[in-house]
Amino acid sequence: MACMKLGSKTDAFHRQGQAWFCTTGLPSDIVVEVGEMSFHLHKFPLLSRSGIMERLISEASEGEEECVINIPDIPGGAKTFELVAKFCYGVKFELTASNVVYLRCAAEHLEMTEECGEDNLITQTEAFLNQVVLRNWKDSLKALQTCDDILPQAEELNITKRCIESLATKASTDPNLFGWPVKEHGGPMQSPGGSVLWNGISTGARPKKSSSDWWYEDVSTLSLPLYQRLISVMESRGIKQEIIAGSITFYAKKYLPGLNRRQGTSDSSTRLAPVSLGSPPSEEDQKLLLEEVDRLLPFQKRVVPTKLLFGLLRTAMILRANPSCISNFEKRIGMQLDQATLEDLLMPNFSYSMETLYNVDCVQRILDHFLAMDQITGGGVSPSSMDDGQLIGSPAGPSLTPITMVAKLIDGYLAEVAPDVNLKLPKFQALAAAVPEYARPLDDGLYRAIDIYLKSHPWLAESDREQLCRLMDCQKLSLEACTHAAQNERLPLRIVVQVLFFEQLQLRTSIAGCFLVSENLDGSRHLRSGFTGSNDGGWATTVRENQVLKVGMDNMRMRVSELEKECSNMRQEIEKLGRVKGSSTWGNVSKKFGFKIKSQMCSAQEGSVTNQHNGNEKVEKLKERHGKHKKDSVKDE
């Protein structure tokens with residue numbers, strides 16, 4: 001820390017209890033009382049430097065009693081007046097960034113101007129501020145911290161503003177360009193050429209360059225009002241929003257203990273660990289800080305890590321912060337919900353009612369904010385832009401757009417909260433239905449969540465079960481999910497029949513595709529049979545691939561046979577329930593159970609399969625049973 005020595009005499013003061021005495025050999029003729037401390041001094045050194053002291057001494061000397069002066073409101077108190085007295089006597093003392101603000105304000109209060117004496121205290125402290133303190137980062141910061149104790153006087157003399165302007169200027173400029181001693185307290189000293197010094201000797205090594213967050217820890221020592229003013233000035237100077245947000249979150253993590261409990265070590269924003277405090281602020285102070293952080297944070301996408309935003313939101317709920325503060329954090333999260341994780345969404349319910357274990361309403365609001373922003377920015381993928389394979393449930397699926405990632409995230413969240421017996425069906429349905437249909441390439445995740453909910457709520461009525469299951473599209477279930485659903489006793493009968501129907505359709509489509517590939521390979525082989533035998537190795541590979549395809553087709557035929565048995569068993573079960581009529585067709589059954597695929601599509605798929613190979617006996621059975629079913633009919637209860 002920079003300093004300047006004032007005075008030339010050795011220390012001529014000594015303290016006895018709550019009193020200071022001057023040891024010049026002359027008896028004191030005035031007592032100055034500052035708070036609980038008394039100073040036994042001489043009139044002439046004081047009145048020759050201070051206009052106020054001259055008037056007070058003149059007034060006190062009119063009486064014959066001992067001259068006693070009381071100065072209760074001097075900035076900095078007795079400690080500062082001790083330095084003022086030393087200055088008046090010409091005693092040596094150091095002028096530093098820690099005491100210059102107190103001395104400058106005290107000198108103004110005591111009217112220590114040039115009219116009273118040359119090179120008076122106002123002149124010397126002002127010169128030290130401008131020429132030394134404000135040119136150095138650490139000294140400017142220290143001087144600003146001392147302004148807190150005497151803020152009205154410091155504001156009146158414009159000291160606070162000058163310190164803030166100095167810090168903002170240095171923070172907005174690359175310190176590597178000017179060689180500012182940013183890390184004076186712990187970093188190595190540097191030579192004028194920039195190399196590291198060891199005992200004053202240049203080592204030739206170059207110090208590491210400072211990153212954009214080099215000033216975060218320093219400014220976090222400021223009080224909230226001063227920090228808020230500094231950030232406002234920095235924003236006006238055009239510092240990047242990401243850098244501003246980084247400083248604000250660092251400040252918040254230092255004074256809000258709850259933010260550090262669930263922060264991952266992989267988070268880049270935790271590179272600078274906040275300094276631990278002796279005692280955390282009170283809940284009321286934390287609440288005020290949190291609301292101020294909300295006001296200071298830029299309302300911009302991805303300037304704050306999503307995990308940290310969830311931490312701020314969780315803390316705001318615990319501290320019962322202003323509803324607008326909570327809403328703003330939810331909106332910020334909604335803007336970048338695609339960057340969240342399932343762990344982030346699992347926020348406990350802090351309300352007094354404790355209706356549900358997790359705060360599902362909050363996640364619903366966050367999702368609504370995301371969907372609103374997605375509509376505004378045009379980030380959503382329309383259904384028409386997705387091909388049929390993706391809509392039916394292609395394993396490849398579409399690219400992971402933000403809304404696709406959010407749909408997967410919400411499905412995972414639904415599966416986590418589904419076991420909660422207090423979670424009402426309308427709330428579960430509302431969250432599941434909020435995700436657009438085109439956002440889910442597959443409905444496997446949604447099916448899993450619905451199955452868990454049905455398992456945890458066995459008392460649901462049949463109508464409620466059907467209503468819940470209508471949220472998923474059976475056409476968008478993978479073969480694995482269809483297999484599970486076909487054997488799931490918790491699903492309504494109507495849904496199981498739909499699943500079986502679409503599973504057969506997918507298998508028939510796959511078998512037809514395999515035969516088509518096989519024919520193309522055979523035709524290509526005959527066309528190329530007249531060429532030279534230089535490609536024998538390639539044809540061997542083709543033969544092996546053809547054999548693999550045939551094995552796959554055999555497996556599919558076996559699965560078709562299993563599905564036929566399941567359909568047959570289900571039909572027998574329906575007949576046992578006494579719902580038989582004599583004039584309807586199997587097509588009526590498909591309509592009765594809400595199938596979405598036209599019968600012409602089924603016929604076309606069947607034709608493409610049965611004409612391919614003599615061994616496709618299982619698929620022929622499906623056609624025969626299809627004709628047989630024309631004699632059966634089914635009606636609902």
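Modeller: Start with K427, whose side chain makes a polar contact with the side chain of D361, at 3.5 Å. Keep in mind that this is a predicted model. Leave out residues up to four places away in sequence, and K427 touches E355, V360 and D361.

Is K427 buried or exposed? Its relative accessibility is 19%. Buried means under 20%, so K427 counts as buried.

Now place K427 in its element. K427 sits in helix 20, which spans residues 425-434. Which residues of helix 20 are buried? They are L425, K427, F428, Q429, L431 and A432. These buried residues pack against helix 17 (360-377), helix 19 (402-417), helix 21 (444-456) and helix 22 (462-469).

Step back to the whole chain. The protein has 28 helices and nine strands. It has 637 residues, and 45% of them count as buried. Take the contacts with a separation of 6 or more: residues 24 or more positions apart account for 72% of them. The protein exposes about 32,800 Å². Carbon and sulfur atoms supply 52% of that area.

Helices also pack in another part of the chain. Helix 4 (residues 100-109) packs with helix 5 (residues 121-131). Their axes are 9 Å apart, and the angle is about 150°. The crossing of this pair is left-handed. Helix 4 brings V100, L103, R104, A107 and E108 to the meeting. Helix 5 answers with L121, I122, T125, E126, F128 and L129.

Next, the strands. Strands of a sheet pair through backbone hydrogen bonds, and they run either parallel or antiparallel. Here, five strands form an open sheet in the order 2-3-5-4-6, with mixed pairing. Strand 2 (13-16) and strand 6 (68-70) stand at the edges. Each has a single partner strand, so one side of each is left without a neighbour in the sheet. From one strand to the next, the twist averages 20°.

Strand 2 pairs with strand 3 (residues 19-22) in the antiparallel sense, over four bridges. Within this pair, H14 stands opposite F21 in strand 3.

Two helices pack on the sheet. Helix 2 (residues 51-60) touches strand 4 (30-34) and strand 6. Its direction makes about 135° with that of strand 6. Helix 3 (residues 77-89) touches strand 2, strand 3, strand 4 and strand 5 (37-41). The direction of helix 3 makes about 10° with that of strand 5.

Back to the pairings. Strand 3 and strand 5 run parallel, joined by three bridges. There, W20 has F39 of strand 5 as its bridge partner. Strand 5 and strand 4 run antiparallel, joined by five bridges. In this pair, V31 has H40 of strand 5 as its bridge partner. The hairpin of strand 4 and strand 5 has two residues between the strands. In that hairpin, G35 takes a positive phi near 65°. Last, strand 4 pairs with strand 6 in the parallel sense, over three bridges. E33 has N70 of strand 6 as its bridge partner.

How enclosed are strand 4 and strand 5? Four of the five residues of strand 4 are buried, so strand 4 is largely enclosed by the rest of the structure. For strand 5, the count is five of the five, so strand 5 is largely enclosed too. Both faces of strand 5 are covered. M37, F39 and L41 lie on one side, S38 and H40 on the other, and all are buried.

Definitions and conventions
Residues are numbered from 1 along each chain as its sequence is written. This is a predicted model: local features need pLDDT of at least 70, side-chain atom pairs count only at pLDDT 80 or more; totals for chains, interfaces and linings use all residues. Side-chain values use heavy atoms; hydrogens and water are left out. Buried means under 20% relative accessible area, exposed over 50%, partly exposed in between (1.4 Å probe, protein chains only). Contact means heavy atoms within 4.5 Å. Accessible areas come from the Shrake-Rupley method with a 1.4 Å probe; for residues, only the protein chains shown count as cover. Two strands pair if DSSP finds at least two bridges between them. Axes are lines fitted to C-alpha atoms, for helices over the stretch in contact, and angles run from 0 to 180 degrees between N-to-C directions. A polar contact is a pair of N or O atoms within 3.5 Å; within protein, one must be able to donate a hydrogen and the other to accept it, and residues adjacent in sequence count only if both atoms are side-chain atoms. A crossing is left-handed if the near helix is turned anticlockwise from the far one by less than a right angle, and right-handed if clockwise.
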